[in-house]
Amino acid sequence: MDKSKIHPTPMLDVLEDGPWPSFISGFKRMRDEHPDNRINETINSLLGQLEHSYETRKGYWKGGTVSVFGYGGGIIPRFSEVAKAFPESKEFHTLRVQPTPGNYYTTDMLNQLANSWEKWGSGMVTFHGQTGNIMFIGTTTDNTQHFFDEINEYGWDLGGAGPCVRTAMSCVGAARCEQSCANEHAIQRHLVNTFTDDVHRPALPYKFKFKISGCPNDCQNSIERSDFSVIGTWRDEMKVDQAEVKAFIAKKGRDYVLDNVTSRCPTNCMTLNDDDTLAVDNSNCVRCMHCLNVMNKALSPGDDKGVTILIGGKRTLKIGDLMGTVVVPFMKLDTAEDYEKLVELASEIIDFFAENALEHERTGEMIERIGLVNFLEGIGVEVDPNMVSNPRQSSYVRMDGWDEEAEKWFARKAEQAAG
Amino acid sequence: MAQDMRHPIESGCPDGFQYMHPAMRRNYGQWKYHEHPRPGVLLHVANSGEKLWTVKCGTQRILDVFSLRTLTKIGDDFADGYMRFTIRSNVEYVVTDEAKVQPLIDAIEGAGFIVGGTANSVAMISHTQGWLHCDIPGTDASGVVKAMMDELIDEFKGHNMPNRVHITTSCCQINCGGQGDIAINVQHTKPPKINHDLVANVCERPSVVARCPVAAIRPAMVNGKPSLEVDEKKCICCGACFPPCPPMQINDAEDTKLAIWVGGNHSNARGKPTFQKLVAAGVPNNPPRWPEATAIVKRILKEYKAGAKDWERINDWIDRIGWPRFFEVTGLPFTKYHIDNWTGARASLNASTHIRF
């Protein structure tokens, strides 16, 4: 590239100082050192536009409609509003590509993706965007198709963009975490791959996200950030290795355990005995994970593992932040039938959402508008006291169906007791 | 034309086991416990007794292919050819031999990346696209994060916080960055400026009217053209109308500010998950280094580090000391804007005599 064409970037240059790795230095390497002149010119142009944004404190990208043949979404189209000044990056679309659950790669595969991307795109990539996709940032409308065709042949598919089922995410999970109570891989792939049509062809009222965490530490932020949150848990007794408890106390002291473990338990279900053993009232343990986090070697989840499912989490737009609400307090996920039930529940919920949500309304907002009970009746799930923090406090409600509803409760209880 | 096009293979989410380190495959679901041998390094021990060391590495998040290949080369030379990314865009390498840990760390640091981000550190800031790629951003994301991580790097590399600190940034009030112990988010302060000449051609007006959270937008004829008008007394300056209607420009060089929120915590540990709460606003959106925002974040971190007990996240710490003391120790002003008036706000009011003196 002709050096005289380089856009000066005095403000961006400041971001090359300091000890943290600089994305600006990365851009400049692509501008100055990449063998492909197309990339040099694209990145030079992009840096020019970004510098212009820094100077004027405004963004200059607008959306549009770009997809690949056969799909309706998965691309974030970007057309420059200042293309006259920065023409080489006038089209700078992002491809969203679904990673594996837990974001695992071989270096060979990453190199292969890098080769394809520098052939067809800008050579700039993010692992991963906030929805969980690999973000291949910056290519033209034509090359979007070529790049997708190439990587689709070796196992990669587009994620969601727009009002559709979105790319799902899982924590590191059972592959490298002793707290995991679930097979995050199987859950994510059973769920999101059942709805590939809904991922690729946006036709829902608004976005619908699955996120999976292996335990209630919820490293995947699923309660706050997904419409359908699956979190591993257990329902038998937590495991206590009393020898390790003693070893922990020998190392950290009794006071540390009193101050940082037993007294921090939200339900006061733990007692430190005089003989340095730990007693747990498991019937009052809410599986918050705190004590397991602190005494990681001594305390572990039980063996009767399963998942809790919460529905309706989302961020501010439009009615304010919502956490997911418990809809399934516990569900086993061991057999093929268990997974079928999980997928059926997701199908019921997505169908109900598709039919009943308003345009641009998330699942949680729909539940807020119609009430949890109407939602539960719509998807065929019975009420459960685990779904609420406390029962109703307002008396302004019509309850002439009380006897019938109480009867249902006793009937369900009898059914459960009969096994 | 269409029959010449290649049909996609709708393979969806790929199987991760093919890309997983063999020690992870061998011990899938069979891990026993983990330890923190040093900041940036995790040691996981399986029921079988097998040990796996993880080295976590901070990057610039937006990677050029040269940087990506530097990272994969490190993976080839020192970590058996496998790597993964955390949800905060750190790279993690794993090795089964303790002797390989230090050479791996040396290679990462030698290449200019940063080892850290484990346990009670300040983790890598999770962020969004900003001016680089978003169509509605009020600020940049990568720049804010680079500038802040330069200042917080020692906290990333150490285990000196009472518990982990997750910081997030967002370039508009949609808040793609998500909840954080500390969140630095764009906060608009003026209603949108409408280009009435463009509205009719660019915007689907009923959808824009429906998008407004406070019903402040209505259809109107302006200069003889169908357009939209905003009741500026009702407008909360959220910017929700801007994405579906770009002629309703919400971003402004001066009036687009930053706000700082604290106490978002996604974990169920101890208490239930919490949303972040407003602590500071009116912070200048000041590229290229946003020093005012960084100064407030550092001030909050300093007090949290000094005042919180072990294992308290920022929300736990403030729950214990109370909000009045939080504002006292951080020196941040408490204003009328801190008192919520949104749906459900009553639950945030103090209906008791629980007052600390």
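## Ground rules

This is a predicted model: local features need pLDDT of at least 70, side-chain atom pairs count only at pLDDT 80 or more, and totals for chains, interfaces and linings use all residues. Residues are numbered from 1 along each chain as its sequence is written, while chains are lettered from A and ligands numbered from 1 in the order in which they are written.

## Chain A

Chain A holds 15 helices and 16 strands. Both are DSSP runs numbered from the N terminus: helices are H or I with at least four residues, strands are E with at least two. The C-alpha trace of chain A spans about 80 × 60 × 40 Å along its principal axes.

Chain A has 419 residues, and 49% count as buried (20 or more other C-beta atoms within 10 Å of the residue's own, with C-beta atoms placed from the backbone).

## Domains of chain B

An automatic or database assignment sets the domain bounds. In chain B it gives domain 1 (18-115), domain 2 (130-189 + 253-339) and domain 3 (193-236). The C-alpha centres of domains 1 and 3 of chain B lie 51 Å apart.

## Where the chains meet

Chain B brings 98 residues to the contact, and chain A brings 104 residues. Two residues are in contact if their C-beta atoms, placed from the backbone, lie within 7 Å. On the chain B side, H2(B) gives the most, with eight residues.

Strands also pair across the chains (DSSP must find at least two bridges between them). Strand E6 (residues 124-127) of chain A and E4(B) pair in the antiparallel sense over three bridges. There, A:Thr126 stands opposite B:Ile62 in E4(B).

Methods. A residue is buried if 20 or more other C-beta atoms lie within 10 Å of its own, exposed if 12 or fewer, and partly exposed in between; C-beta atoms are placed from the backbone.
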